[in-house]
Amino acid sequence: MISPPDEYQAWFTFWVNLLYGSLSLFVLVALVVTVKGWQEIKVMLSRLKEDADEQNAIQD
Amino acid sequence: MDALAVSSISELSGFHTIDWVIVACYLSVSLVIGILVTRYATSMTAYIGAGRSVGPWLGVATMTGTEMGLITVMYMAQSGFAGGFAAFHMGLIAGLGTLLVGLTGFIVVPLRRLKVLTIPEFYERRFGRDVRVLGGIILATAGILNMGLFLQVGAKFIVGATGLELGGSGLIVVMTGLLILVLVYTVLGGMISVILTDYTQFVVLSVGVVITSALAMSEIGVDEMYIAVRDSMGEAGFNPTAEGSTFGLSYVLYQFFAAGIVGCAVWPTAVARSLAMESPAAVKKQLSVSAVSFVMRFLIPMFWGIAAFTWFARIHPELSGTFIGDSKIEDAGLYAMPVFLSQILPTGILGLVVAAMIAAFMSTHDSYLLCWSSVLTQDVVAPLRKNSLSNPSRILLTRVFIVLIGAFIWGWGLFYKGSDRIWDYMVITGSIYFTGAFVVMVGGLYWKGASRIGAVAGLLAGASAVLGLEPVRIACVTFVCSVTGHDSQQWLALITSSVVGLCSLGLTVVMFVVVSLMTPDKSHLYTGGTGND
């Protein structure tokens, strides 16, 4: 079978570069978010614990 | 459905006992987290807003966890499977839109500065209580309809990936099991458990995404995908506006609105994340960084869909009849990607990816259930009562709504038989709310001339987007054509769902502006903000 002309190569290159670029950025972001997010979870839970203790103290 | 095809799909899966063990361990951990954080949900702010104590990086994780749910993975894979590389335009638009909103703080920063918990709460501050109740009713109706297919589609992924029998009661059993799991820990922990499970999902999903994409590239190769798409779809597989494309110009234009702006700045579950952030500056940072995730949530599943298409079209043509062509099974575009994953992923990794996908399913469900139920409690029931509701009553009522909505989506998933693509179904059902909400929010925040009656007119006009839902659109066009004697097929091709959406948006803007100018308010409850810090 004769292949159709590769006139869509420019589109393909654009989309694949977008995919590779996004994937690379995502890996970087995922690493940072994993580390920093864990630290923020600890801060969030301590704040919520303080709030919950305050609420309980008011109810008591 | 073809009996031979059903049998062959069940035999294709490489899902083993070790994979089931990994899935079971992951789900158990999620449940335990949900139970452990129950003690922190002592107030409504903590229950539905995590005490507004979420930092920007955790915000990115939870935003990604919610917005890259299993339903997203499935409908984007379906778009890639059917539309080829041309489907990528949605990811590009979504990323650019999110980055723009993140850099400018458009809509979300003034909302966060007001310290509202829900969007209808803003309606009340700006326009009055009746607008809040109307907005809440429209929002909850559209939102619950919008998640109507989540359970069914999520169950299809699990059935396809694990090799459970497609026919019979397998789908119903998986739907029921998933629903019970989500209901238990959402009811218990509220937003706090949602955020914690979103974080774990983000980590597991990130690993799964990278491994799966790398395997798809090495097993098939992007050049092979190019040939498969080129030979089967031609230019339409690369250019979304090409003649014969499953998308088209009106579709692309509508995506600028639906995927670009609404997805991050108007859609309540995304806005809920912004409103739970610790400061307006954190909101901007969260959205700017999340732009990458918003691109990925479209591109990666679409890529998997294209890989699945290539796998069945070129690598294993003996299986292509099951998923491609006239003899394909029902919902072939949905089943193709999970079946493909079950073929290329090794034992153990497959279990990890399925666990990540179930986690993705759960994190979307819990957020949506919490969002719509809190809207019904905070914005519909509470404002209509003469006496104010106590915090425990509000939490109890929200939990009751969560269970009722869960029951509804279970039934709707079995009942709805529209043939529209899942993404299109979601955009149209969502647009019943977001068309009006976008116009009213932008007008309310940035235009002093916006009036209460104008807001009501805008919200009602926005609900006209329901005409774009496939069964409704077909019924309306067919009826009008039968009365006027025109060819209904020709008009159905012309009046697509995207055209209906764009017309609805235009109508809403006109109604909101004209009615606001005709019926100005005597006093302003809130004069808006600029979006800058």
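I began with B:Met74, which touches B:Val153, B:Phe157, B:Leu334 and B:Ile422, leaving out residues up to four places away in sequence; two residues are in contact if their C-beta atoms, placed from the backbone, lie within 7 Å.

I noted that this is a predicted model, in which local features need pLDDT of at least 70, side-chain atom pairs count only at pLDDT 80 or more, and totals for chains, interfaces and linings use all residues. Residues are numbered from 1 along each chain as its sequence is written, while chains are lettered from A and ligands numbered from 1 in the order in which they are written.

I then asked where B:Met74 is found. B:Met74 lies in helix H5 (residues 70-83) of chain B; helices are DSSP runs of H or I with at least four residues, numbered from the N terminus. B:Met74 is buried, because 30 other C-beta atoms lie within 10 Å, and a residue counts as buried with 20 or more such atoms within 10 Å of its own, C-beta atoms being placed from the backbone. I also looked up B:Gly154, which is 80 residues from B:Met74 in sequence and 7.7 Å from B:Met74 in space, C-alpha to C-alpha.

Next I turned to B:Ala336. Apart from neighbours within four places in sequence, B:Ala336 is in contact with B:Phe81, B:Ala308, B:Phe309, B:Phe312 and B:Phe323.

Last I examined chain A. Buried residues are 25% of its 60 residues. I recorded 30 residues of chain A in contact with 38 residues of chain B.

Technical notes
Buried ≥ 20, exposed ≤ 12 C-beta atoms within 10 Å, placed from the backbone. Helix = DSSP H or I, 4+ residues; strand = E, 2+ residues; numbered from the N terminus.
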